[in-house]
There are 2 protein chains.
Amino acid sequence: VSVPGFRLAAVHAGLKPNGQLDLALVRSDTPCTAAAIFTQNLFQGAPVLFDRKVLAAHRRNVQAVVINSKVANAATGPAGLADAEQMARWTRRCLAWGEHVGVMVMSTGVIGVRLPMDKIQAGIQEAAGSLGGDPLEAARAIMTTDTRPKTASAQAGAATVWGMAKGAGMIHPDMATMLVVILTDAAIPAEVLQGALYAANDTSFRCITVDGDTSPNDTCLVLANGLAGDVDPTVFRTALGEVCESLARQVAFDGEGARHHVTIHVQGARSAADARQIGRTIATSPLVKTAIFGRDANWGRVISAAGRAGVPFDPLTASLCIDDLAVFDKGQPVAFDEARALELLSKTEVSLHLDVGSGPGQATVWTCDLTPEYVDINAAYRS
Amino acid sequence: VSVPGFRLAAVHAGLKPNGQLDLALVRSDTPCTAAAIFTQNLFQGAPVLFDRKVLAAHRRNVQAVVINSKVANAATGPAGLADAEQMARWTRRCLAWGEHVGVMVMSTGVIGVRLPMDKIQAGIQEAAGSLGGDPLEAARAIMTTDTRPKTASAQAGAATVWGMAKGAGMIHPDMATMLVVILTDAAIPAEVLQGALYAANDTSFRCITVDGDTSPNDTCLVLANGLAGDVDPTVFRTALGEVCESLARQVAFDGEGARHHVTIHVQGARSAADARQIGRTIATSPLVKTAIFGRDANWGRVISAAGRAGVPFDPLTASLCIDDLAVFDKGQPVAFDEARALELLSKTEVSLHLDVGSGPGQATVWTCDLTPEYVDINAAYRS
């Protein structure tokens, strides 16, 4: 899938070893309306600090995004902020644009390390000269511990909505997620675009977690170049929601070391926000996640996590199913078939259904299991 | 250490395999004043529900506690509550006491499974006949995945304060912790005792975490039989605080699969509660815990966790040391000696010092690292 008016490039700038792709450039032929959601972490990476300023100044005139993996350029002080500015400046120069064009910057990888700016400069130059490449290669260039590139697309009337995402660890988006870039040729006013992104985020990136850790660089950006003309806002919201949900699930299910794709349905909460909070608490519980890794129907850990979510409900009205197998019914244990439970937990796709029986609120949350590989990957990540 | 007027017993009731101790009985010769703190989890185990009633009715007349490991008797419905009541009734009968004597019950282990009551009955009978045993054996009988028994003692004037604790997983006490029994011969009014326990809890069990998961059965109980006479309340509070802190550290450092003992000092927060919240967020971060396991000075994960603690501070005034090695200073990275960092992280005792530079609040939090063994232990716990 390609979106009319956008061209992408992916190169090996030399940040990753072995010639792997590590720098992506997204370029629009015409000015774009932009909307973004950033991390809520108090520590905000230099690219996030920079992009907030770009967005304030150029919300209707963003034309490029340059993204590197391997080094996050976070917790790098004023020098790191200058590096982010320099990346945008070089991109603008390579594309022969003036100061009035907005260029955004994203970085992901190790925190607290300065970018190798000579490599970045050469990488931007090479990328600018090779635009028009396979979008999947750009999705590959922004990967860190991801095992596969993540893209999704949907149609909104005559317009296309396409997105790519990266993220496998430090995933617990709080109003935003890891790096997400969504492109569309729909014509959408800036305020409608931002509102649609908030709404889509609520039921996608806010509903995934890998390890409960939020990143200083979480950014979700949408660029709309308008080439396909006006699109009904409701139709556009639906398409954007589909793309965000697909990317969010791909991120959650590609969690570091993941062997199971876990979907948690919570219903019966007082509100959707309460249901999401319960779901996220279950999804971050190391005990729930290790039990699923071990294919152990240890459902007591699921309800214990629900009970500490900080959300009120009556434990005597709570019921839990593993897939379609009831294990806990209105506050009481159910004698269930252990062989059937093992069979269900041996599948890659595992679903939990918790009804807390206290209201109309429901939510779906996606996560993965916690495996020895997660520990190994993260014990060695920086070195 | 033994406390005058208290006798303990530990037996193998047959819940654990291979003749391991699994049932403990604590008996006071005279009526005790009791204070307790229970889990804040919405799901409260049958022993917690039962003990709350005992405490309300017998706050100045508790004389025994019976404790089993292996099965938590939580999420077991009305039948489980009847089982807890039955345990107290059997204990009272074996000790030839009337209904007016308070007997408390604690259980720890798998959630959602009924207690094997025939074994429990025989175990209580045997324990009642073998009182006067080694207190360390009682501490051993209440262990689940703990690798060692945990006891601590301190003097409060003429009185002794002794305690035992169990806990190695599902540790993230919220106003209480796993099972803790503290015995003293000090004479302390009930309200003073309860207040002293709340205060001690704030700087001990509330400052530890293993995995962020709270248990439905968390209980911390103090029994004071008064045989040593009146003790100055300040002196008693200090002694109780010492015992609680020691037990809390032992629990944190014996976390499932732990290889490092991690102490996190946070200062410069607006309040002690804020400092504790920051420390607990760092201590629950899987990325921080895996980096410490991997002896990797990946300090960006520490500040990222601090930045999502939900507590306001200025990131530009934050500084971090690993032991005495500065790695981050007032919002900027410090060029540090990697070999020295590896040396510090290779020790069993690891300390982090975070100053957020925004106020007088400080706290110390204890935890352990996250290792492949934690995953293995919890993938197989129930089976």
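In strand 6 of chain B, Trp162(B) is the bridge partner of Ser153(B); helices (H or I, at least four residues) and strands (E, at least two) are DSSP runs numbered from the N terminus. The model is predicted, so local features need pLDDT of at least 70 and side-chain atom pairs count only at pLDDT 80 or more, while totals for chains, interfaces and linings use all residues. Residues are numbered from 1 along each chain as its sequence is written, chains are lettered from A and ligands numbered from 1 in the order in which they are written, and side-chain values use heavy atoms, with hydrogens and water left out.

**Strand 6 of chain B and its partners**

- Strand 5 (residues 150-156) of chain B runs antiparallel to strand 6 of chain B, joined to it by 7 bridges; two strands pair if DSSP finds at least two bridges between them.
- These two strands form a hairpin with 2 residues between them, and Gly157(B) in the turn has a positive phi of about 60°.
- Strand 7 (residues 179-184) of chain B pairs with strand 6 of chain B in the antiparallel sense over 5 bridges, and in strand 7 Val181(B) is the bridge partner of Met164(B).
- Of the 7 residues of strand 6 (residues 159-165) of chain B, 7 are buried (under 20% relative accessible area, with exposed over 50% and partly exposed in between; 1.4 Å probe, protein chains only).
- Ala159(B), Val161(B), Gly163(B) and Ala165(B) point one way, Thr160(B), Trp162(B) and Met164(B) the other way, and all are buried.

**Helix 1 of chain B**

- The 13 residues of helix 1 (residues 46-58) should span 18 Å at 1.5 Å a residue, and the end C-alpha atoms are 18 Å apart, which agrees; the expected span is 1.5 Å times one less than the number of residues.
- Its buried residues include Phe50(B), Val54(B), Leu55(B) and His58(B).
- Among the elements covering these buried residues are strand 2 (23-38), helix 2 (77-94) and strand 8 (219-224) of chain B.

**Ser28 of chain A**

- Ser28(A) lies in strand 2 (residues 23-38) of chain A and is buried, with a relative accessible area of 0%.
- A polar atom of the Ser28(A) side chain lies 2.6 Å from the backbone oxygen of Thr30(A).
- Not counting residues up to four places away in sequence, Ser28(A) touches Gly5(A), Phe6(A), Gln63(A), Trp97(A) and Asn225(A) (contact means heavy atoms within 4.5 Å).

**Relation of the two chains**

- Chain A superposes on chain B by a rotation of 180° with 0.0 Å of shift along its axis (RMSD 0.0 Å), which is the relation of a two-fold axis.
- The C-alpha of Pro372(A) is the nearest to the axis in chain A, 2.4 Å from it.

Notes. Copies are superposed by least squares on the C-alpha atoms of residues with pLDDT of at least 70 in both. A polar contact is a pair of N or O atoms within 3.5 Å; within protein, one must be able to donate a hydrogen and the other to accept it, and residues adjacent in sequence count only if both atoms are side-chain atoms.
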